[in-house]
Amino acid sequence: MEVRRVSWARRLVVDAGGAGQHRHIIHALFEADVTDLRTWISAYRAKTGIELSFTAFVVAAVGRAVAADRGVHGYRDLRGRLVVFDDVDIHVPIEVPVHGEPLGIVHIIRRTDKRSPYDIHREIRRVQTDPQTSTAARGSHAARYFVLLPSALRVTALRLVHRLPRRQKQMMGTVGVTAVGMFGSRGGWGLTFQLHTLHMVAGGIARRPAIRGGRLAEREYLSLTVGFDHDIVDGAPAARFVERLARLLESPAELAPDLAVQREGSDTTEVPGGCGSRMPKTSDEGP
């Protein structure tokens, strides 16, 4: 038998679960055909040798889907007013090595609605390489003292944060995304507690036959679960968000039109899978 000490980070997870119990959550379970998106990522790897993060594309899609109707990531303040933010800041767990063992930390990727999947990919890789650059690392010192408070007081404090929208945005972002079994060989949905008005869980990817262009073909489907705080988001906006998110994940050309390779010594970029099509490089283009 082995007795282990519960880390301060794990205690915060338990507190977060308690703080989220008061929310009235509605869930949508659906699938998105990510065959074309995965083909794009494979083409990019073949041209550059870089393995792009699939999670980065999911995060980018969520950010852009929220930007089309920002009310789905609104929060009520202590006076009952709805506060809707311009930027979509996504709270996402990232697995990093700590003392030779994998550890999941939470990181906030800011302004995801205005950034390319490649830019988000670079941030994820940077945090994986150096966890001290994460927003979680910057707040860990205060969190270690926070867990010294009684459990009931900690849970109450976390609930209060949800009614302080600007503090919520600073500490936890405005949207939550969790990726579990992203590259699994089987589908499956995941339900979790949530600290945000909108939280999405990306499950496994399943291969199934489907009819495309009148022909039978094998396709890859990503299982997605989206939870909405029904105190803020009604069914119709929730359904439109789900439709936008699925369309973005199924349309890599729309999701990542800037997915391009800069040739060394050249002022042009080549789009993977684009039949050699080229475009001028601009100052705000991703690498």
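Let me begin with Tyr-221, which is part of strand 8, residues 215-229. Helices here are DSSP runs of H or I with at least four residues, strands are runs of E with at least two, and both are numbered from the N terminus. This is a predicted model, where local features need pLDDT of at least 70 and side-chain atom pairs count only at pLDDT 80 or more, while totals for chains, interfaces and linings use all residues. Residues are numbered from 1 along each chain as its sequence is written, and side-chain values use heavy atoms, with hydrogens and water left out.

Is Tyr-221 buried or exposed? Tyr-221 counts as buried, because its relative accessibility is 12%. Buried means under 20% relative accessible area, exposed means over 50%, and partly exposed is in between, with a 1.4 Å probe and protein chains only.

Now its partners. Contact means heavy atoms within 4.5 Å. The side chains of Tyr-221 and Arg-212 are also joined by a polar contact of 3.4 Å. A polar contact is a pair of N or O atoms within 3.5 Å; within protein, one must be able to donate a hydrogen and the other to accept it, and residues adjacent in sequence count only if both atoms are side-chain atoms. Phe-30 is 191 residues from Tyr-221 along the chain, yet their C-alpha atoms are separated by 9.6 Å.

Arg-219 is also in strand 8. With 13% relative accessibility, Arg-219 counts as buried. Which side chain does Arg-219 join by a polar contact of 2.9 Å? That partner is Asp-33. Leaving aside neighbours within four places in sequence, the contacts of Arg-219 include Thr-35, Asp-36, Ala-206 and Arg-207.

**Two helices**

Next, a helix pair. Two packed helices are described by the angle between their axes and the distance between the axes. Helix 6, residues 151-162, packs against helix 7, residues 165-172, at about 110°, and their axes are 6 Å apart. Axes are lines fitted to C-alpha atoms, for helices over the stretch in contact, and angles run from 0 to 180 degrees between N-to-C directions. So helix 6 is roughly perpendicular to helix 7; that label covers 65 to 115 degrees, with under 35 roughly parallel, over 145 roughly antiparallel and the rest oblique. Helix 6 contributes Leu-158, Val-161 and His-162 to the contact, and helix 7 contributes Pro-165, Arg-167, Gln-168, Met-171 and Met-172.

**Two loop residues**

Glu-51 sits in the loop between helix 2 (35-48) and helix 3 (54-67). Its relative accessible area is 43%, so Glu-51 is partly exposed. The side chain of Glu-51 makes a polar contact of 3.2 Å with that of Arg-45. Glu-51 and His-121 are 70 residues apart in sequence, with 9.6 Å between their C-alpha atoms.

Arg-111 is in the loop between strand 5 (101-109) and helix 4 (117-129). Most residues other than glycine have a negative phi. Arg-111 is not a glycine, but has a positive phi of about 50°. At 38% relative accessibility, Arg-111 counts as partly exposed.

**The whole chain**

How many helices and strands does the chain have? There are nine helices and eleven strands. Of the 287 residues in the chain, 44% are buried.
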